[in-house]
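Please read the following briefing alongside the sequence and the coordinates.

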Amino acid sequence: MSKMKKDFSQYFQAPDLREAKKRGKEEVQVLQFESLPDEMKNIGVGHKYLIQTFGCQMNVHDSETMAGIFEMMGYTPTIDERDADIILLNTCAIRENAEDKVFGELGRLKHLKLEKPNLILGVCGCMSQEESVVNRILKSYQNVDLVFGTHNIHRLPHLVHNALMSKEMVIEVWSKEGDVVENMPKVRADGLRAWVNIMYGCDKFCTYCIVPYTRGKERSRRPEDVLNEIRELARKGYQEVTLLGQNVNAYGKDLEDLNYLFGDLMDDVRKIGIPRIRFTTSHPRDFDDHLVEVLGKGGNLVEHIHLPVQSGSSEVLKLMARKYDRERYLDLVRKIKETVPNVVLTTDIIVGFPGETDEQFEDTISLVKEVEFDSAFTFIYSPREGTPAAKMQDDIPMEVKKARLQRLNETLNEIGRRKNEELRGHVVEVLVEGESKKNADVLSGRTRTNKLVNFAGPKSLIGKMVMVRIEDPKTWSLTGVLLEDPKQQKAPVA
Ligand code: SF4
């Protein structure tokens, strides 16, 4: 399918730092997902879709929504790209290598388009909100049929319809502060664990991060919509719900007619009959005392908190515009540990931020030791075009960045191993997710604190909560023995 040249500038606006920072001028609208127009019903009958998802949990959940829309249109899923009639790459812009992977995929999929000219190849997600990416696709990836942004997901039926009818590349990327769209259909990955968006966007503008430009301003769903969705999941028998947002702790701040924040939401979610409630991701700045107090009530609010710190140096945190310093972070950790018994803390850390000195890196190592994180996602800093940090001099040599990353990971592994060792002989509650990836005779699941547990047991236990005694703790997982006699089951510790 050849594409004609045309002016696409009317279809998308590039993310612009100054424009994107002007928050609050556009009113957030709560839209309802409309039923499909007649010409889009059954458009996919007899055809298959495949969505490749890159990046964070937000993207995974967006893919569940897009799958729901495809299935409303009559499409069925496939995991074989040669079988697919439409392939979407749901992309991530957070790191350069994530972008490289997507362009690699687009290049690789060229041959499929040659073999199957009617295949629709689409790019969506955060990358498509970047002007440079859209220009690169227009220039060098003429095999792409469809590009749409993070604010345009609810428009998918129209976009697919247009792509099928048109010989031109269809582009629809709205650069806007963002709306909230309710009643979107979803195909959830399993009947066990579900993700529920509580808010969208981010207003924090950490200097290294592209998200505030690609996902719009912070906007919360109405509490009744969130609570009703979770109640419905409880009725369907889901065992675990993760509340999702780029910065869940800012939940409710934009709901001007209500005095209802994240702690209030968690307190209400606590009363719903879902055995485990998680949330991600947290920003320490908005993590208030009321939330700590509510988490201390336990019950279905699990004792695992992912609390990204990014650096242990107050100077680096200032350059990152994280809006807290080392002392404030440690103070929050102290409060959480005092209030939430047996809490497990995990984090995100960037090494080699522009100007990071050896001393500042040592501050990160000492903070990691002081907090004793059970695990962490660790990254080497890479600049994202359009962010303030990209204008700072990226002056740390790559070999220094790599050495810091290695030292940090060794420190984290040693702490993680020691903390897992403390569980030896203890009984933990495990939600059984399925067969172990490495051995089909072994089951695997997660503790309340999100630790991976492997044990031998019948497949009939998949989807159930069981008690397992830990016998062989390792750095990344725990191996244990299933307790079948309830009398053996003393109170779980994790
Ligand atoms: S809080 Fe900072 S790092 Fe997280 S999404 Fe917002 S800007 Fe990015």
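Helices (H or I, at least four residues) and strands (E, at least two) are DSSP runs, numbered from the N terminus. This is a predicted model, in which local features need pLDDT of at least 70 and side-chain atom pairs count only at pLDDT 80 or more, while totals for chains, interfaces and linings use all residues. Residues are numbered from 1 along each chain as its sequence is written.

**Backbone exceptions**
- Most residues other than glycine have a negative phi, and most peptide bonds are trans.
- K323, in the loop between helix 11 (314-319) and helix 12 (326-339), has a positive phi of about 65 degrees although it is not a glycine.
- N450, in the loop between strand 18 and strand 19 (452-456), likewise has a positive phi, near 70 degrees.
- A cis peptide bond with omega of about 5 degrees joins T280 and T281, and T281 lies in the loop between strand 13 (276-280) and helix 10 (289-295).

**Barrel**
- In the order 17-18-19-21-20, 5 strands close into a barrel with mixed pairing, where two strands pair if DSSP finds at least two bridges between them.
- Strand 17 (residues 427-435) pairs with strand 18 (residues 442-446) in the antiparallel sense over 4 bridges, and V432 stands opposite G445 in strand 18.
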